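Open your viewer and get your selection tool ready.

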Amino acid sequence: AGVALVVLLAVVTELGVVRPVQRRSGSGDLPALVSVAAVLFAVQQAAGLVFGPLPLPGQQLVSAGPWEVGGAAVFASTIVLIVVTVATFVAVTAWTRFTRMGRMLRAVGDNKEAAAVLGLPVGRVRVVAFAIGGVIAAVAGILFSTKSGVSFTSGLGWTLTGFLALVVGGTGSTWGPLAGGLLLGAVQVFTPFYFSTLGPQTVILVIALTFFAFKPEGLFVRRVRV
């Protein structure tokens, strides 16, 4: 039910918010990004009204473990999270490379004006992209909530971290955001251990600003042969 609700919300956001905003603003990316952030803020406040301000524990999908591996305690939920994450990235990579809709999505993402001139169904492709993004976001939320619990303010922090992971990893590869996320995760874990006076969020923002200034395309850049 949660996955279905998020997919519906993603499709409604595209059709009812992002598309009208881009139509009025000249198809710019910044107005679309601001409109998505506004929807997120509205959903966050609505969740606070419905479920209350107190954090809630996440539902444990697998209760086995923990097991000691190299001095660290490994829980079954962590293994499930890693396996599902890798499987999701593999599935998305295969879908974008080997299916007709996936190739059209890549074409629209590269240049939607050229894709429209070629006769591709840009509007339908965008709806599919938002729906798949909703599925991935819902699955990620379900898996991560087992480790951190949920509150009505959780979404904003997770979204910001995901956006910064995209900035660091780049959009040149499907695996780029995963690499960026792993880098930011390592910073969050090791910064308090080695630099107790620095907060991990501060270091993450410094890294993001560095990429914005000197390598805005991210770690992975799509190479085009001319």
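Which residues in α4 meet which residues in α6? Select Met101, Met104, Leu105 and Val108 in α4, then Val122, Arg124, Val125, Val128 and Ala129 in α6, and you have the two sides of this contact (heavy atoms within 4.5 Å). By class, the contact has eight nonpolar, no polar and one charged residues; Ala, Val, Leu, Ile, Met, Phe, Trp, Tyr, Cys and Pro count as nonpolar, Asp, Glu, Lys and Arg as charged, and the others, Gly among them, as polar.

A note before moving on: this is a predicted model, where local features need pLDDT of at least 70, side-chain atom pairs count only at pLDDT 80 or more, and totals for chains, interfaces and linings use all residues. Residues are numbered from 1 along each chain as its sequence is written, and side-chain values use heavy atoms, leaving out hydrogens and water.

Now show the whole of α4 (residues 100-110) and α6 (residues 122-148): their axes come within 10 Å and cross at roughly 105 degrees. Helices here are DSSP runs of H or I, at least four residues, numbered from the N terminus. Axes are lines fitted to C-alpha atoms over the stretch in contact, with angles from 0 to 180 degrees between N-to-C directions.

Not counting residues up to four places away in sequence, Val127 touches Val11, Glu14, Leu15 and Arg19.

Finally, click on Leu33, in helix α2.
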